[in-house]
Amino acid sequence: MDEGRKKAVAVPGLSGFTESLAGRVRALDPLEKLMDFLRRTPLSVVSFGAILLLWAAVVRLGVWSENVLPGPLAAARGMEELFRSGLLLKHTAASLFRVTAGFYLAVLLGVPAGIVLGYFALARRAVNPVIQFFRPISPLAWIPLAMLWFGIGDKPAIFLIFLASFFPLVVSTAAAVENIGKTYFQVAANFAFSRYEMLSLLIFPAILPSVMVSLRISLGIAWLVVVAAEMIAVKSGLGFLIIDSRNALRMDFVLDAMILIGAIGVILDAVMLRLARSREVLWGARGR
Amino acid sequence: MSFADTKSPAPREGFIRVRNLRKAYQERRKARRDPEYPSPRYGEDILILDGVDIDIDEGEIVCILGPSGCGKSTLLRIIAGFDTSYTGEVSIAGRKVAGPSPHHIFVFQQSGLLDWMTVGGNVGLGLRRMKDKAAKREKVAEYLELVDLAGFEDHYPFQLSGGMQRRVELARAMAVSPEVLFMDEPFTGLDFLTHMRMREEVLNLHEYLRKTIVMVTHDIEDALIMGDRIVIFGNRPTRVKLARKLEFPRPRDVSSDPDLAELRRQVYLMMGVHYAL
Ligand SMILES: Nc1ncnc2c1ncn2[C@@H]1O[C@H](COP(=O)(O)OP(=O)(O)OP(=O)(O)O)[C@@H](O)[C@H]1O
Ligand SMILES: [Mg+2]
């Protein structure tokens, strides 16, 4: 049958005929039919379907009461309720705003700092130990200080997100600059690059591929942290929705918030991946 | 402006002057002590160039030959201004070499193209300051044409073969009309035919532009066919073993010119191998 498909590709005029014939033959065999269905469907749909089934099955088994573990249907109804009341949009927007602000702040300060550290060995030797010291301190450990310094509201959360993505960005940008081939700098010297050209024609484009990767990773970290920060420091956002719903014993809302967090995380990652594959960073595909 | 800058029709003699050049690297390997094979200690200086004297006239193609590791690349980097930690005297056109300059373009042993720039961008690197964009585009196209790469402006280096990349780099170097062109083994890693074509290309470019070219090569034929002058280095610590002007007419063919064939035999011997076996 695979033979048939190969031929169908090779001879376009016959493809429709062969395909329908193969389909009719296949219809006789249920196992073949299942296999073919699996082959045609994106695997992610299959695995998410499996998780949904598992979830429903666990609920059906009644290990926990519906109050503690609502089923998929209950969660869907909860999602609709959240959407209608406008809470869904409000909390999602709040979380996204904080992530955006904190992340941009980290990029704006972290990438230049990384470039300076990568470029000047002396600065690197002086600052690197400090960064390595602060890096293992979880951003969540900063929550008490952040709340004392910035009070309640967006500011402490933004600060925490900033911290979470700032250090990884600095470290990886510095490493990227340090790893730029020496020949490039000799070419720059040979063609009398100005300081500005050094940045715009050499350093920025050279580190772009690896910086895109670390932007993607640190945005993921930022998204992790915003939810955690919102559980403590603020009164809005998906993290707050989780805590608030738990206090109100609305576990369906808790699950909905978790689903939203996961989905948005996937979308953010996809956006970053798309950016990383853009034309400007494609040269890095050669893996020099 | 110094005297050296005023245009003179006759090529200047002693255009590039190297006198008593000595260069040492610091040993950075932690060598195990072995009384039978004493090796330099960590931090000790290893002398690479030991009093090198070279004179190059303006407009010459000079080919530098020598065993691997004898310091050919090192010498080229020093003359081109990339390396300033040496003793002795190195000057181009009467001026002491103080650093890299767009007048002295270096074509690197590994590719020196900026990989994130298109071919057009790379060739236009030395023409960045040109105000007239159309004229600049034209000039880029002209030099790409010269190396047989017309129409490749929008390709990225990784989309080109190794030989094409070399030619782009050559075009980029020539586009700024440098006083001196340094080439470190420009043909290494190319297949036989590309090698031959590149050799021709460089000779044509030289015929056309009459710039001084200093070229390091492993290939004795390259040196004999291309060189107006050859310089042969010995083993480390390196001194000049032979520096000789080649007055042979062009086009040259080693197999049909007995004098050239004899010189080839001598050069092979000097490098420690026999040509005829
Ligand atoms: N940065 C460096 N630090 C220490 N030693 C070096 C350095 N660069 C080169 N050397 C040493 O200097 C010597 C000459 O190096 P160079 O690259 O000039 O050789 P070469 O003649 O160009 O060789 P090849 O023909 O193989 O390219 C080598 O023995 C090498 O080990
Ligand atoms: Mg070399």
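This report describes chain B of a predicted model, with notes on confidence in chain A.

Local features are given only at pLDDT of at least 70 and side-chain atom pairs only at pLDDT 80 or more, while totals for chains, interfaces and linings use all residues; side-chain values use heavy atoms, with hydrogens and water left out. Residues are numbered from 1 along each chain as its sequence is written, and chains are lettered from A and ligands numbered from 1 in the order in which they are written.

**Chain B overall**

Chain B contains seven helices and ten strands. Helices (H or I, at least four residues) and strands (E, at least two) are DSSP runs numbered from the N terminus. A compact globule of 277 residues would have a radius of gyration near 19 Å, so the 20 Å of chain B agrees. That radius is taken over C-alpha atoms, and the globule rule is 2.2 Å times the number of residues to the power 0.38. The C-alpha trace spans about 65 × 50 × 45 Å along its principal axes.

Contact means heavy atoms within 4.5 Å. Among contacts in chain B between residues at least 6 apart in sequence, 68% join residues at least 24 apart.

**The four-stranded sheet**

Four strands of chain B form an open sheet in the order β2-β1-β4-β5, with antiparallel pairing. Its edge strands, β2 and β5, each pair on one side only. Two strands pair if DSSP finds at least two bridges between them; β1(B) and β4(B) have five, in the antiparallel sense. Within this sheet, Val18(B) stands opposite Val90(B) in β4(B). Helix α1 (residues 72-79) of chain B packs on the sheet and touches β1, β2 and β4 of chain B. The direction of this helix makes about 120° with that of β1(B). Axes are lines fitted to C-alpha atoms, for helices over the stretch in contact, and angles run from 0 to 180 degrees between N-to-C directions.

**His104(B)**

His104(B) lies in strand β6 (residues 104-107) of chain B. His104(B) counts as buried because its relative accessibility is 11%. Beyond four places in sequence, its contacts include Asn190(A), Ile92(B) and Phe182(B).

**Confidence in chain A**

pLDDT is the predictor's confidence in each residue, from 0 to 100.

| Part of chain A | pLDDT |
|---|---|
| Chain A | average 85 |
| Helix α1 (residues 2-10) | mean 42, lowest |
| Helix α6 (residues 87-119) | mean 95, highest |
| Residues 1-18 | under 50 |

Terms used:
Buried < 20%, exposed > 50% of the residue type's maximum accessible area, 1.4 Å probe, protein only.
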